[in-house]
Amino acid sequence: MSTAALRPSTGRRRARIRWRRLRGSPALIAGGTILSLIVLAVIFAPLIAPYGPIHQDLFNTLSGPSGKHLLGTDDLGRDVLSRLLYAGRTDLSVGALAVIFPFCFGTALGTVAGYYGGRTDFVVMRIVDTLVAFPFYVLVIALVFVVGPGVKGIVIAFAVADWVVYARTVRSATLIVRESEYVAAAKVGGLGDLRILVGHVLPNTISQAIVYIMSDIVLVIVAVVTLGYLGLGVQPPTADWGSMISDGQQFLTTHWALATVPGIAVVLTGLSLSLIGDGLADLLRPQ
Amino acid sequence: MTADALEVRDLVVSAGDHHHRWPVVDGVSFSVAAGESIGIVGESGSGKSLTLRAIMALTPNTIRIDSGTVLLAGEELPLHGRRTRSARRGRVALVFQDPLSALDPVHSAGAQVAEIARRVRGLPRRAAWARAVELLELVGIREAPRRARDYPHQLSGGMRQRVMIAMALASEPEVLLCDEPTTALDVTVQAQVLDLLDSLRASLQLALVFVSHDLAVVRGICEHVAVMYAGRFVETGPTAALLERPRHPYTLGLLHAVVDVDDAGRPPRPIPGELPDPAQLPAGCPFHPRCAYADEACTVGPVLLLPGSEPARAVACVHPDLVPPP
Amino acid sequence: MSASTKPTAPTLVVRGLSVSFASSRGDRILAVDGVSLSLQSGEAVGLVGESGCGKTTVARAIAGLLMPERGEIELDGAALTHRSRAERRAIQLVFQDPYASLNPRRSVRSVLRELLELHELAAGADIERRCRELMALVGLPAEALDRRPAAFSGGQRQRVAIARAIAVEPRLLVADEPVSALDVSVAATILALFARLRSELHLGLLLISHNLAVVASICDRVAVMYLGRVVEAGRTAAVFDDPRHPYTRALLDAAPRLRSDVSDGPRLRGEAPPAGARPSGCPFHDRCPRVEEICRREAPALRAVEGLSGRTAACHFSHERHTGERP
């Protein structure tokens, strides 16, 4: 019996196809580049930063950009550039940390609700509806207030408030995938529910959630910055973009760089993450 | 002698992008007189649906009509530009394969037929509705005045297809193009719709072009047939004679591969090899890699569609005499 | 694969199978109404009918995807209710749409591997060897193992689906419209593959199709369904040559043929009513050319046809030859 010829595709051609798809997504490239630069900069902060984040040069407070301080100093004599880099470390790591739990918890709950339907779905969706009824920031601020400001408070607040979007997204995708014939085939093949959920359902439902992570990290970073601005975020003297903006606010008319430079850092980070999210959305669409 | 209702000459349609284009319809010619029917039979990638779309100038963006002529009662139709739609209005109509997606779900059946009567034939609103009911009756929908108010989702598959045919007739065309109109239907409903098309062809003297993958269906409704492979006609002729004694190896292969109700207990005999990728056709005859009778001469192209020894038959084969009876 | 001695008892016995669904209005609709059939191993039985007759539901119930409301499904004499993993192996399903029946994100190898490991059919280096064997059995090159469904054509995908089904070494393959979505020449290769697997692996085959011709080509026996019931059954050639139910006759008359002209007989009018609106008495009586008073009152049971062995029909007039005309 003749064997059917496949569309030719050696490993090299497959790699080329993948590279072409990546290249065809300028969003992914642009976003990826910017984010990589930012991440590298903050990772190597201890090596790059000329000073420590809390090192004070009291004879040089509020100085503009100079040879010694490339971006100037703040009102306590701390080097803005160094603080910017260390603050980036704080904000990016808290941002990444704060989305992990919502992603995992929300995805799991959404999958279970979507797959089993019935009462499970009803209960989960009512919880989601309740949480969604609260304005997001009201909830986060209230939780941080209760738990206490700082990194711990932020992570817990997001864990409670942020998982619902993941749950909803994954649930809708699961409702569709649950009816697909390959899931039926897996059942007929004797696979148990857990194996089906992990091996057949999740790979096909999770892409939307992954794309959402990018937007979510932006959201978290902005929220951390906002909380910092409100004094509820990362506590001084630890550097964080939010408190840098808030501290620099009083000097807007005289030394505008103190508030705007960290602001630009937030914008760039958010922009790069959004671009990556767009690019990923295209890439993850099953061909 | 009056011109044929529809004549197509050397139609060439290509697909692809700026870097690389390839023909998907490669020099197709045929004609149909009023009251006659021709079937175009082929599989995926043969170009049969695109042929109809090209005649209607309704091709998707990536498809380009490169060259060719389409004549309606001797008058040439534009294949590009803004006048394509108006030139065909009221003269050529197309019946699609899947009535569920081709009918607008938010308008009633009667409204959709009436709209065509209004826009193409200029009937005023009341008269258009009456005409719509009349046409729905003509296509065999019982209780037409009531059913005309139904929406597509309330109608069965067979009825939806009849509504599509009524819409096509509302423009009072001379030529009716059908793209696999019964493929999605149950066999008893298919029989009803085929009967309907056949009787309309006779009573309205329509020129019918019927595209299908199903040889047996085409045998039932078309006097002439063209077998299409890789964008070109490989064999044409009167249907019954062609199926009884094909002259092209692909036609023979199809007859052996097709399952028929009369063949209980005979498993189908597959054609070796695979359908070719239109972007990468073999040199010479596109069928030669799969052909039991091919030799060196078959790899040198082009292999033209030439008249055969029997009347009204043509075949595009280097060795048509080698093809045995089925 | 081990050679098996031919069992004389049927492999699959379905008795009085009934399946209902909740309708949008809240009541229940009986999609399958008391269907019985049997199948020997190595035999191919066709189940034909038009849309809405319940044949796909029967297929899914037999494959264990649906719980029947009533009736039994027996494999080698043992009733199948809640199926264990080992019981699920025995009956596998091949679906209609090759573009929807494979997980787009899994490679062929990973899917086969998962099944082989789950049922402990191979371990270690054997798994790879078995995967290659399966590819060879369905006529695909070994490279196909690395690929994802997007790399395959419709016919190739269907072969992958068949490989998946036979990987667990089933006794019975249920194929639900396996070639309806394929080109003619591609369908021929898949049907030929089914025929080959049937004889090589001694598999039973239940082929569901709306296309009489497909069933005619490879099925030894056929059962015709209408509105959830079997209306006729018997050896394929015999049933198609001399149908004893008017619906079978109508199907045969409507089927287009290659070598003869379309039958001039009267056409069956209208379409089948939805399952929720099943007529009283014989479900076919409102469209039947042979209808009489008894048909409206009394639903005929599926009985042996007088004088013909191995034939059953659910018609009060099954002793007559049906020509489609009024008597």
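Trainee: What makes strand 4 and strand 5 of chain C count as a pair?
Mentor: Two bridges join strand 4 to strand 5 (residues 78–79) of chain C. A pair needs at least two bridges. The two strands run antiparallel. One note before we go on: this is a predicted model.

Trainee: Which residue is the bridge partner of Leu75(C) in strand 5 of chain C?
Mentor: Ala78(C) is the bridge partner of Leu75(C).

Trainee: What do strand 4 and strand 5 of chain C form, and which residue in the turn has a positive phi?
Mentor: They form a hairpin, with two residues between the strands. Asp76(C) sits in the turn, and its phi is positive, about 50 degrees.

Trainee: How do you know that strand 1 of chain C pairs with strand 4 of chain C?
Mentor: Count the bridges. Strand 1 (residues 12–22) and strand 4 (residues 70–75) of chain C share five bridges, and a pair requires at least two. Their sense is antiparallel. Ser18(C) stands opposite Arg70(C) of strand 4.

Trainee: What makes strand 10 and strand 12 of chain C a pair?
Mentor: Two bridges, in the antiparallel sense, link strand 10 (residues 229–235) and strand 12 (residues 312–313) of chain C. Pairing is assigned from at least two bridges, so the count meets the cut-off. Across from Ala233(C) stands Thr312(C) of strand 12.

Trainee: How many strands form the open sheet of chain C, and in what order?
Mentor: Eight strands, ordered 6-7-8-3-9-10-12-11, with mixed pairing.

Trainee: Why do strand 6 and strand 11 of chain C stand at the edges?
Mentor: Strand 6 and strand 11 (303–304) of chain C each have a single partner strand. One side of each is therefore left without a neighbour in the sheet.

Trainee: What makes helix 5 of chain C mostly covered?
Mentor: Twelve of its 14 residues are buried. A residue is buried if 20 or more other C-beta atoms lie within 10 Å of its own. Residues of helix 5 that pass include Gly155(C), Arg157(C), Val160(C), Ile162(C), Arg164(C) and Ala167(C).

Trainee: Which elements do those buried residues pack against?
Mentor: In chain A, helix 9 (181–188). In chain C, strand 6 (91–94), helix 3 (108–118), helix 4 (125–138), strand 7 (172–176) and helix 6 (184–201).

Trainee: Which residue with a positive phi follows helix 5 of chain C?
Mentor: Glu169(C) does, with a phi near 55 degrees.

Trainee: Where are the domains of chain B?
Mentor: The domain assignment gives domain 1 of chain B as 6–91 + 173–322, and domain 2 as 103–172. Their C-alpha centres lie 30 Å apart. Eleven residues of domain 1 of chain B are in contact with twelve of domain 2 of chain B. Helix 8 of chain B gives the most to the domain 1 side, with four residues.

Trainee: How many residues of chain B and of chain C are in contact?
Mentor: 39 residues of chain B are in contact with 33 of chain C. Helix 8 of chain B gives the most to the chain B side, with seven residues. By class, that side has 19 nonpolar, ten polar and ten charged residues.

Trainee: How many helices and strands does chain A have?
Mentor: Twelve helices and zero strands. Along its principal axes, the C-alpha trace of chain A spans about 85 × 50 × 25 Å. Of its 287 residues, 41% count as buried.

How values were computed: Residues numbered from 1 in each chain as written. Chains lettered and ligands numbered in written order. Predicted model: local features only at pLDDT ≥ 70, side-chain atom pairs only at ≥ 80, totals over all residues. Contact = placed C-beta atoms within 7 Å. Nonpolar A, V, L, I, M, F, W, Y, C, P; charged D, E, K, R; others polar. Domains from an automatic or database assignment.
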